[in-house]
Amino acid sequence: MNIQMVDMKKQYAQIQSKVEPKVLDVLSSGWYIGGPELKNFEKKSAEYIGVKHSIGCANGTDALQISMMAAGVKAGDEVITTPFTFIATAETIKMLGAIPVFVDVQKDTYNIDPELIEGAITSKTKAIIPVHLYGQAADMDRIMEIANKNNLVVIEDNAQGFGAKYKGKKLGSIGHMATVSFYPAKNLGACGDGGLILTNDDELETKLRMIANHGQNERYKHQVVGVNSRLDSIQAAILSIKLDYLDEWNSKRRANAAKYKKALQDIALMPYEDKDCYHIYHQFSIQVEKRDELQQFLFDNKIPNAIHYPIPLHLQVAFKDNNYPIGSFPISEKIAENIISLPMHPDLKDEEINFITDKIKEFFQ
Ligand SMILES: Cc1ncc(COP(=O)(O)O)c(C=O)c1O
């Protein structure tokens, strides 16, 4: 058995007959940046999510930085987010000279706890970045209510939940802006890097496009200092093909999650699925005692796995000057000690899931 954490080769085999002629077409078209493929994917992804504007960029990290720049986040401003996420969420806050203000997560969804947000708001707070961790929505109604009351911008970090829903709405359509990553291992992944920013706001769209394009509103007329961040035409063309498969892939992830849950619910803490959420299980992450020992046992049995994430951001050396001692966010710290992600992709076979779950049962016998 050759179990993969994410099986990109198998996924590629499914779409190869469509992708290869398309990539050759783009190559012979001579249009490698911008152009019809990018336009088409921006339109198609905006329609899929249900927003007015979709703006391609180079990756999910740039998408966060550009969105904050469009929101006017500057040095000294505070941005509220979760410490239990990938570093890009908070790294970009710091890159702009702003201050990441962490708020602990809910113990069941692992997403930012809206009830703790108001206590973290100060006169310097500019924005809130909820992360839809592992492909499940943060509590967007409460977050938007708090943001609107306090005049704050909400940027959804939807790097992990393309196609996931909250109360029937696709993630990425609820905040003032939303960011997406198409890193290849994402549930909608490019064959390289890629990112997207989503918004319903016309003014923000103009700013976002300008910032992503060196601050130009016309060629060589630079209104602000921007960045250079583009989704190239080949990636846009590939993503456009893959988007047609995404709902099917997401529902296969959900079916695999159900199989894992059925087999493991008595021996580990399963991912919680909120009734308002359509979770797409970008990761299938469980909490267990003796996590590190289990991880080694899985590796010994050739079962890939990963820890998302072993050190909450407030305890990372990169954020030491933000002065959050151990114990500042006990829920995030506890999850980081016990969490482990199992192989998850649409093409996992029943026999692979059975092998993985039998081995986990054997470990805990
Ligand atoms: C929550 C989160 N935010 C942001 C990013 C950054 O995306 P990218 O790797 O495309 O820059 C990632 C990707 O790993 C992520 O998981």
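**Stop one: a pair of strands**

Select strand 5 (residues 153-157) and strand 8: they pair in the parallel sense over three bridges. Strands are DSSP runs of E with at least two residues, helices are runs of H or I with at least four, and both are numbered from the N terminus. Two strands pair if DSSP finds at least two bridges between them. Now pick Ile-155; its bridge partner in strand 8 is Met-177.

This is a predicted model, where local features need pLDDT of at least 70, side-chain atom pairs count only at pLDDT 80 or more, and totals for chains, interfaces and linings use all residues. Residues are numbered from 1 along each chain as its sequence is written.

**Stop two: the other neighbour**

Four bridges join it to strand 8, and the two run antiparallel. Find Val-180; Leu-196 in strand 9 stands opposite.

**Stop three: both faces of strand 8**

Select residues 177-181. Five of the five are buried, so strand 8 is largely enclosed by the rest of the structure. Buried means that 20 or more other C-beta atoms, placed from the backbone, lie within 10 Å of the residue's own. Met-177, Thr-179 and Ser-181 cover one side, Ala-178 and Val-180 the other. In a regular strand the side chains alternate between the two faces of the sheet.

**Stop four: the two domains**

Colour domain 1 (8-243) and domain 2 (246-364) separately; the bounds come from an automatic or database domain assignment. Their centres, taken over C-alpha atoms, are 24 Å apart.

Note on methods
A residue is buried if 20 or more other C-beta atoms lie within 10 Å of its own, exposed if 12 or fewer, and partly exposed in between; C-beta atoms are placed from the backbone.
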